[in-house]
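This report sets out what can be read from the coordinates shown below, beginning with the fold and moving on to individual sites.

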Amino acid sequence: MKAKGLFIVLEGMDGSGKTSQLEHIKRYLNEQQIDFLSTREPGGISVSEQIREVILNVDNDMSGLTECLLYASARREHLIQKVIPALQAGRIVICDRYVMSSLAYQGYGRELGKAVLDINQLAIDVDGQQYWADMNIYIDVKPEVGLERIMSKSGEREVNRLDLEALEFHHRVHQGYMELSEQHAERFVMINGEQDEQHVFNDIKQVLDTLIQQYHV
Ligand SMILES: Nc1ncnc2c1ncn2[C@@H]1O[C@H](COP(=O)(O)OP(=O)(O)OP(=O)(O)O)[C@@H](O)[C@H]1O
Ligand SMILES: [Mg+2]
């Protein structure tokens with residue numbers, strides 16, 4: 001049986017503004033007294049936060065496939081322990097990154113291709129149902145813009161193992177997001193992330209309002 005909640009995911013390159021926008025979204029929904037759960041990937045629960053540390057630690061060297069499997073492990077556990085119970089209770093779940101991140105970073109960035117889709121289909125299959133996001137809100141910035149934001153404010157957010165990849169890697173990830181937005185057009189909305197933060201949020205708010213309206217019908 002399809003869970004009755006609403007599963008919204010924020011996607012985009014490193015430094016595109018996902019975490020900043022999640023703060024705006026939380027404030028907005030709280031103001032409207034709309035119940036929701038906000039969470040993040042990789043992480044969101046203890047075991048997945050521990051896997052996150054292994055993946056992002058700059059001192060850890062690992063193959064792309066290992067990285068992909070670790071993300072998928074963190075994803076499955078977080079999905080089972082936190083996301084599905086909330087959806088089954090009919091709640092709105094807003095998650096910072098999900099499957100599209102793996103398809104973009106490991107599929108395109110690490111050039112693992114279809115293996116990433118296969119692994120993720122297994123990871124998000126629970127009791128015979130695949131839990132895809134109802135909507136991916138993709139915040140688009142050029143790779144250089146996101147990296148510049150992260151590097152110039154490295155005091156606020158630790159630079160991680162994936163940030164340190166060559167610029168070509170980030171360009172492949174960006175190209176990946178572009179292709180994914182066409183392949184999954186019905187579950188993808190693209191927001192211009194190179195506007196100032198408030199304008200980005202205004203665009204996201206319109207999408208949110210529509211999603212929530214449809215969900216309450
Ligand atoms: N629209 C914007 N214009 C300029 N700077 C921004 C904008 N949105 C966010 N920033 C700044 O860019 C930096 C990265 O933003 P944020 O952490 O929200 O990105 P992110 O998408 O969550 O990145 P990551 O994927 O690495 O977690 C922060 O210092 C934030 O203040
Ligand atoms: Mg973030």
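## Burial and the overall fold

A residue is called buried here when its relative accessible area is under 20%, and exposed when that area is over 50%. The model is a predicted one. By the burial criterion, 50% of the 217 residues of the chain count as buried.

The secondary structure of the chain comes to eight helices and seven strands. A compact globule with 217 residues would have a radius of gyration near 17 Å, and because the chain has 16 Å, the two agree. The C-alpha trace spans about 45 × 40 × 35 Å along its principal axes. Among contacts between residues at least 6 apart in sequence, 78% join residues that are at least 24 apart.

## The annotated binding site

An unreviewed UniProt entry carries the annotation "binding site" for Gly12, Met13, Asp14, Gly15, Ser16, Gly17, Lys18 and Thr19. From this set, Asp14, Gly15, Ser16, Gly17, Lys18 and Thr19 belong to the lining of the largest pocket.

Gly12 is found in strand β1, which covers residues 6-12, and Gly12 counts as buried because its relative accessibility is 0%. Leaving aside neighbours within four places in sequence, Gly12 is in contact with Lys18, Arg97, Tyr105, Tyr138, Ile139 and Tyr177. Met13 is found in the loop between β1 and α1 (18-31), and with a relative accessible area of 2% Met13 is likewise buried.

## The largest pocket

About 1300 Å³ of space lies in the largest pocket. Its lining is made up of 43 residues, of which Gly15, Thr19, Arg52, Ile150 and Arg157 lie nearest the centre. These lining residues divide into 10 nonpolar, 15 polar and 18 charged.

Several elements each supply at least two residues of the lining, namely α1, β2 (36-40), α2 (46-56), α3 (64-88), α4 (99-109), α6 (143-152) and α8 (197-216). The largest share, seven residues, comes from α1.

## Val173 in helix α7

Val173 is found in helix α7, residues 167-183, and at 0% relative accessibility Val173 counts as buried. Apart from neighbours within four places in sequence, Val173 is in contact with Met13, Ala104, Tyr105 and Gly109. The C-alpha atoms of Val173 and Lys18 are separated by 16 Å, although the two residues are 155 apart along the chain.

Most residues other than glycine have a negative phi, and most peptide bonds are trans.

A cis peptide bond, with omega about -15°, joins Glu41 and Pro42, and Pro42 is found in the loop between β2 and α2. Arg97, a residue other than glycine, has a positive phi near 75° and lies in the loop between β3 (92-96) and α4. Because its relative accessible area is 14%, which is under 20%, Arg97 is buried. Asp127 also has a positive phi, about 50°, although it is not a glycine, and its place is in the loop between β4 (125-126) and β5 (129-130). Asp127 is exposed, because its relative accessible area is 78%.

Key: Residues are numbered from 1 along each chain as its sequence is written. Chains are lettered from A and ligands numbered from 1 in the order in which they are written. This is a predicted model: local features need pLDDT of at least 70, side-chain atom pairs count only at pLDDT 80 or more; totals for chains, interfaces and linings use all residues. Side-chain values use heavy atoms; hydrogens and water are left out. UniProt positions are given in the numbering used here, feature names are shortened, and annotations may be inferred rather than shown by experiment. On a 1 Å grid over the protein atoms alone, a cavity is a set of points where a 1.4 Å probe fits but cannot get out, and a pocket is an open set with protein on both sides within 12 Å along at least five of seven lines; lining residues have an atom within 4 Å of a point. Helices (H or I, at least four residues) and strands (E, at least two) are DSSP runs, numbered from the N terminus. Buried means under 20% relative accessible area, exposed over 50%, partly exposed in between (1.4 Å probe, protein chains only). Contact means heavy atoms within 4.5 Å. Grid points are joined across faces, edges and corners, and a volume is the space filled by probe spheres set on the points. Ala, Val, Leu, Ile, Met, Phe, Trp, Tyr, Cys and Pro count as nonpolar, Asp, Glu, Lys and Arg as charged, and the others, Gly among them, as polar. The radius of gyration is taken over C-alpha atoms; the globule rule is 2.2 Å times the number of residues to the power 0.38.
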